[in-house]
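User: I have a model open and want to learn how to read it. Can you take me through the features one by one?

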Amino acid sequence: MSYEELTASPLETLAACVDFLGWPREPEAYCQRVVDYCRFDNMRKLEEERAFDGGRALAAGGRRPEGFKVRKGRVGGYHSYLSDADVAYMDRYIAERLDPIYRYS
């Protein structure tokens with residue numbers, strides 16, 4: 001599963017994960033509630049409200065937008081932070097050193 005797949009078709013990707021784990025399928029209405037809860041806008045709101053109690057889930061750097069874990073919600077958003085050379089380096093590193101099961105296309 002990749003972030004891109006989850007973003008493009010969240011219900012289907014969630015169902016595939018449940019199947020992979022061997023868990024029983026829940027009714028689609030329940031799965032839709034899970035997807036709705038995990039949508040970007042809700043996760044950002046919860047983070048802003050500090051609903052996640054604990055150090056690792058709290059925004060770094062106070063209330064700065066870039067300090068939040070949930071920042072932009074865009075597929076490929078890392079291109080805004082990394083140079084083309086950095087992206088190329090990471091792509092090569094992943095291709096050469098990670099087991100194919102962990103690679104995203």
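Analyst: Start with burial. A residue is buried under 20% relative accessible area and exposed over 50%, and partly exposed in between. Keep in mind that this is a predicted model.

User: Is Leu14 buried, partly exposed or exposed?

Analyst: Leu14 has 22% relative accessibility, so it counts as partly exposed. Leu14 sits in helix H2, residues 10-21.

User: Which residues does Leu14 contact, leaving aside neighbours within four places in sequence?

Analyst: Contact means heavy atoms within 4.5 Å. By that test Leu14 touches Cys31, Val34 and Val35. Take Val34 as an example: it is 20 residues from Leu14 along the chain, and the two C-alpha atoms are 9.1 Å apart.

User: Let me step back to the whole chain. How many helices and strands are there?

Analyst: The protein chain has 5 helices and 0 strands. Along the sequence the pattern reads α-α-α-α-α.

User: What share of the residues is buried?

Analyst: Of the 105 residues in the protein chain, 16% are buried. The accessible surface is about 8,300 Å², and carbon and sulfur atoms account for 56% of that surface.

User: What share of the contacts joins residues at least 24 apart?

Analyst: Count contacts between residues at least 6 apart in sequence; 25% of these join residues at least 24 apart.

User: Now salt bridges. How many are there?

Analyst: Look for a side-chain nitrogen of Lys or Arg within 4 Å of a carboxyl oxygen of Asp or Glu. That rule gives 4 salt bridges. One of them joins the side chains of Arg39 and Asp36, with 3.3 Å from N to O.

User: Are Arg39 and Asp36 buried, partly exposed or exposed?

Analyst: Arg39 has a relative accessible area of 36%, so it is partly exposed. Asp36 is at 37%, so it too is partly exposed.

User: Where do Arg44 and Glu48 lie?

Analyst: First the general idea. An α-helix has 3.6 residues a turn, so residues three or four places apart point the same way. Now the case here. Arg44 and Glu48 are both in helix H4, 4 residues apart, about one turn of the helix. A salt bridge links Arg44 and Glu48, with closest N and O atoms 3.2 Å apart.

User: How accessible are Arg44 and Glu48?

Analyst: Arg44 is at 14% relative accessibility, so it counts as buried. Glu48 is at 34%, so it counts as partly exposed.

User: Which residue forms a salt bridge with Glu49?

Analyst: Lys45 does, with the closest N and O atoms 4.0 Å apart. Lys45 is partly exposed because its relative accessibility is 38%.

User: Which residues of H4 are buried, and what do they pack against?

Analyst: Asn42, Arg44, Leu46 and Glu47 are the buried residues of H4. They pack against helix H3, residues 28-37.

User: Which residue just after H4 has a positive phi?

Analyst: Arg50, with a phi of about 60°.

Note on methods: Residues are numbered from 1 along each chain as its sequence is written. This is a predicted model: local features need pLDDT of at least 70, side-chain atom pairs count only at pLDDT 80 or more; totals for chains, interfaces and linings use all residues. Side-chain values use heavy atoms; hydrogens and water are left out. Helices (H or I, at least four residues) and strands (E, at least two) are DSSP runs, numbered from the N terminus. Buried means under 20% relative accessible area, exposed over 50%, partly exposed in between (1.4 Å probe, protein chains only). Accessible areas come from the Shrake-Rupley method with a 1.4 Å probe; for residues, only the protein chains shown count as cover.
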